[in-house]
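Trainee: I would like a close look at one part of this model, the charged side chains. Where would you start, and how does that part sit in the whole?

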Amino acid sequence: MPFIDVTLGSGRSPEQVRALIHELTEAAHRAVGAPLANIRVVIREVEPAHWAAGDVTTEERNALKKEAG
């Protein structure tokens, strides 16, 4: 039973999240032949203030881009 665990920054529409679930399920089905009913997908959404790279949060990075642009 494939288990696909995805972490994304929050802010996507429900339709985008649903499309991602669908595409991941189909990809797993094609790649390993697992029955669709046996494929599990979990989407974890993380707030921009709770995700950082290089000690800069996504929220901070977005604010810097906004100031520069």
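Predicted model: local features only at pLDDT ≥ 70, side-chain atom pairs only at ≥ 80, totals over all residues.

**Charged side chains in their setting**

Mentor: Start with Glu60. Its relative accessible area is 41%, so Glu60 counts as partly exposed.

Now place the residue. Glu60 belongs to helix α2, which covers residues 58-68. Together with Glu45, Glu47, Asp55 and Glu59, Glu60 makes up a patch of negative charge on the surface.

How many salt bridges does a search of the whole structure find? It finds one. The partners are Asp5 and Arg44, and their closest N and O atoms lie 2.8 Å apart. The pair ties together distant parts of the chain. Asp5 sits in strand β1 (residues 3-9), Arg44 sits in strand β2 (residues 40-46), and 39 residues separate them.

Are these two partners buried or partly exposed? Asp5 has 40% relative accessibility, so Asp5 is partly exposed. Arg44 has a relative accessible area of 41%, so Arg44 is partly exposed as well.

Step back to the fold. The protein has two helices and four strands. Along the sequence they run β-α-β-β-β-α. The radius of gyration is 16 Å, whereas the globule rule gives 11 Å for 69 residues, so the protein is more spread out than a compact globule. The C-alpha trace spans about 50 × 25 × 15 Å along its principal axes. Buried residues account for 14% of the 69 residues.

Finish with the other helix. Pro14 lies in helix α1, residues 14-32. Its relative accessibility is 64%, so Pro14 is exposed; the cut-off for that class is over 50%.

To recap: Glu60 is one of the residues in the negative patch, while the salt bridge joins Asp5 to Arg44.

Key: Residues numbered from 1 in each chain as written. Heavy atoms only, no water. Buried < 20%, exposed > 50% of the residue type's maximum accessible area, 1.4 Å probe, protein only. Patch = residues over 30% accessible without salt bridge, like charges linked within 9 Å, V, L, I, M, F, W, Y side chains within 5 Å. Areas by Shrake-Rupley, 256 points an atom, 1.4 Å probe, with all protein chains shown as cover. Salt bridge = Lys/Arg side-chain N within 4 Å of Asp/Glu carboxyl O. Lys, Arg positive; Asp, Glu negative; His and termini not counted. Charge placed at Lys NZ, Arg CZ, Asp CG, Glu CD. Rg over C-alpha atoms; globule rule 2.2 N^0.38 Å.
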